[in-house]
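Let's take a look at how two chains meet and at the open space beside them. Here is the structure to keep in view as you read.

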Amino acid sequence: MLFNSFDFVFFFLPITWALYQLVRLTWLRPVLLTISGYVFYAWGRPWIALLLFASSTTDFLLGLWMDGTENRRARQGFLLGSLVFNLGLLGTFKYSGWLFANLNGAMTAAGLTWKLPVLTVPLPPGISFYTFQSLAYIIDIYRRKLRAHRHIWDYWSFVAFFPQLFAGPIERAGHLLPQLTHPRKRVNFRAMEWGLFMVLWGLLKKVVVADNMGNLVELCRGNMAVHGAGMVLALAFTVQIYADFSGYTDIARGCARLFGVRLRRNFLTPYFSCSPSEFWQRWHISLSSWIRDYLYIPLGGNRYGALRTVRNVLVTMLLAGLWHGAGWFFIAWGLYHGLLLVLYRLWPLDAWLKSALGDIGKVMAAICFFGLTVAGWVLFYLGSNGTFAEVFFPAYAAAPAVGLGALAYGLCLFALPLVLTDWLGYRKNREFIDLWPHLPPAGKTLLYVLVFYLIVMFGARENHEFIYFRF
Amino acid sequence: MNSFISGFKIFAPLCVAVICIALVELLCAAFVKEPAFLESPLLHMAYRKPVRMERVNSAIKLHSIMPLPGSILQVGDSSGLAGVQPRIVNAYLPAGLGLLNLSMQVPAQFVGHESTAEAALRAHPDAKYLLLMVSPFHIGRDDEGFGEDIERDYVRCPWVSALPSLRARALVTNLVFYGRDTGGRLLMDGTTIGEGNGPVLSKVPREESEELKGTLGWLKLNRHQDFVPHPCGLPNYNDGLVTARLERMYDVAARHRTRLILVLGPMKCAPDGETEKLESTVRRFQSTHPDMVIPLPVFDAINPADLGDDVHLTAEGSRRYSERLGAALRHALVQ
């Protein structure tokens, strides 16, 4: 089920919310959240619920057994079991097709006729998110940072909590589980109203900004012979992916708030970053912190000299790229960001500009890094949209139907609301939705009406899937 | 009580916003005179992206033709859209019966025809018959299109297109996207239908809406394809799909206490193994559903000159066909 579908907005959410409010028994609420999570996840494709069930049940049991023993080897065995199972799921459903196809290509090139069977099962949405969430739980138990949970419904509701099931934020058990299982507090109207606006704001980002940008990207693809269309495409995709993913996160956080749950922040005006390290503290925060805590630091982090640090950064970012999708361009995108992290560490351009030119230098550093980010998104776009040549050599395109002016106008039109509101948020080091409680009542009324009519008038009618569902 | 009052204070901006929206909608209902079908969510009106003509026609059918009176509601693909002229058929029908042509085009898909039937029967509780007219080329195969959009917007959530302000959407998007008031024109992809409807802001939808209202849903299609005798060879034909679809449409009709009339579009090709299979499947279905009416031959071969291409009748051909259908319906329904 999609957040921007009528089924979700008008049926699933109100019914689940009403039932949740009616249920008085603390133990029954995780049951309700689990069932609703499975309905939400498996809507129209029941078989994918089996994977979710298998992943969460396996990790619950392994966590329980691991917590119940002091034997180091046994604990390592349980950890290994969880790693093999979860990464095996990911490998089978996400990477095996791509890997085997590449191996087959290599074997053909080498003159071998034998072929590996290529799995053609569609990728279950959200598998990268919930397997990482479940893995974090097991690793935290292994590290003795967390005690295993004793009630399986609680754990199932933690993994299947519907707002963050498809595309995060990737929650940690220590943060989310207590919120789902502790006795319910009284309904907090202020949090609910804030949550409601978050949902509306996320829908606006998705259907008005991201989906229209998606149309513009397609328009650019069809008019690549226009000089400059490639640049508009790159910028439009940059805005699209941010509006799409942060819109999803806003809806997820807003929905969770309606249930009295606070999800982690996943974005903080990332395009105003001055350096790659700042960018990764502002973009997909739950993934970058996961990778830092469970990959980069265990690899040694920056504790063993410059060369080991460079290696760790590159390996970590390569895997982060691979996490996003099975494709060479995703790997290239990860490595590109790894290289940027290394280069900025060696030559901190942002620090030089800031110290030499003050605020102007900061603006210049942000513009410089924004340009580098856009270049990275081009790689990312190519990851799921064909070859470099198809996108960037006009010879491959049909005769243009629109000019650069029209493409650029579309870009400005749909990007403007996002740029303005992000700027307002950036000035306060918050997201725009965080400013909501501080707005005067008249401002809130105006925003409600404005957001409603922007969605009604300009919301895309086509169903564009959330980009991060593919991961 | 205190918590209720504080809750009301917190939600006051939302309540005021709802009142403002209601006022805007009332004003739009009173003053925006654009055709009602512009409310349809089927029309994308995305920036510089043409709307497909089939969507425009479907939106017109669902909004402008649906409210017209009719006791025989015709749904299906463009074989019926271009083939049946209700004004001619109605001249043959007994008093109290009137045909309304709600047929669309192939991209509306079978699920779209089903949803149109459901919506039409809800809107016409006194209807007596549901007439399904589909081309033999399409009844047994899957086609791509927007049928699920019709189901979502007109059967599951019909109220989504009820906002009067949506009528102004074409005006607003024209102004914002193209910088001028173009009178609610749509950027349409007219390459699939009619003449002179290029992918430009060239068509005034109101004209087409009025034209369709005048013909009770019949649309003249300008198709021409030179006739070369050939066997039909229904491509991608799936026999199981035919039975399942007939079953579903029969259920829709039965649910609304109406009888199903089945008409398969006329053909100019020669019958072959596939058409024989289709014919026997339909006859088998009729034997288990004896109240279903099939007024014309299942494989209905007509003069090739009456068909512009394999599926669509010419204007003159549709006139002759409508007379034949009218007479056949009178005969079948009076019995």
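## Where chain A meets chain B

The count between chain A and chain B is one salt bridge. That salt bridge joins the side chains of A:Asp7 and B:Arg156, with 2.7 Å from N to O. Please keep in mind that this is a predicted model. Polar contact across the interface of chain A and chain B comes to six residue pairs, both partners at pLDDT 80 or more.

On the side of chain A that touches chain B, at least two residues each come from α1 (6-22), α8 (189-222), α16 (404-427) and α17 (441-458). The most come from α17(A), which gives 10 residues.

How much area do the two chains bury between them? The value is about 3,100 Å², and 72% of it is on carbon and sulfur atoms. In chain A, the most area is lost to chain B by A:Phe6, A:Met457 and A:Arg461, together 22% of what that side buries.

## The largest pocket

The largest pocket holds about 1,100 Å³ of space. Its lining has 36 residues, and A:Val9, A:Phe10, A:Leu203, A:Phe452 and A:Ile455 lie nearest the centre. Both chains take part: α1, α8 and α17 of chain A, and α1 (2-31) and α7 (147-156) of chain B, each give two or more residues to this lining.

Here are the residue classes for the two sets.

Notes. Residues are numbered from 1 along each chain as its sequence is written. Chains are lettered from A and ligands numbered from 1 in the order in which they are written. This is a predicted model: local features need pLDDT of at least 70, side-chain atom pairs count only at pLDDT 80 or more; totals for chains, interfaces and linings use all residues. Side-chain values use heavy atoms; hydrogens and water are left out. Buried area is the accessible area (1.4 Å probe) that two parts lose on being put together, summed over both. A salt bridge is a side-chain nitrogen of Lys or Arg within 4 Å of a carboxyl oxygen of Asp or Glu. A polar contact is a pair of N or O atoms within 3.5 Å; within protein, one must be able to donate a hydrogen and the other to accept it, and residues adjacent in sequence count only if both atoms are side-chain atoms. Helices (H or I, at least four residues) and strands (E, at least two) are DSSP runs, numbered from the N terminus. On a 1 Å grid over the protein atoms alone, a cavity is a set of points where a 1.4 Å probe fits but cannot get out, and a pocket is an open set with protein on both sides within 12 Å along at least five of seven lines; lining residues have an atom within 4 Å of a point. Grid points are joined across faces, edges and corners, and a volume is the space filled by probe spheres set on the points.
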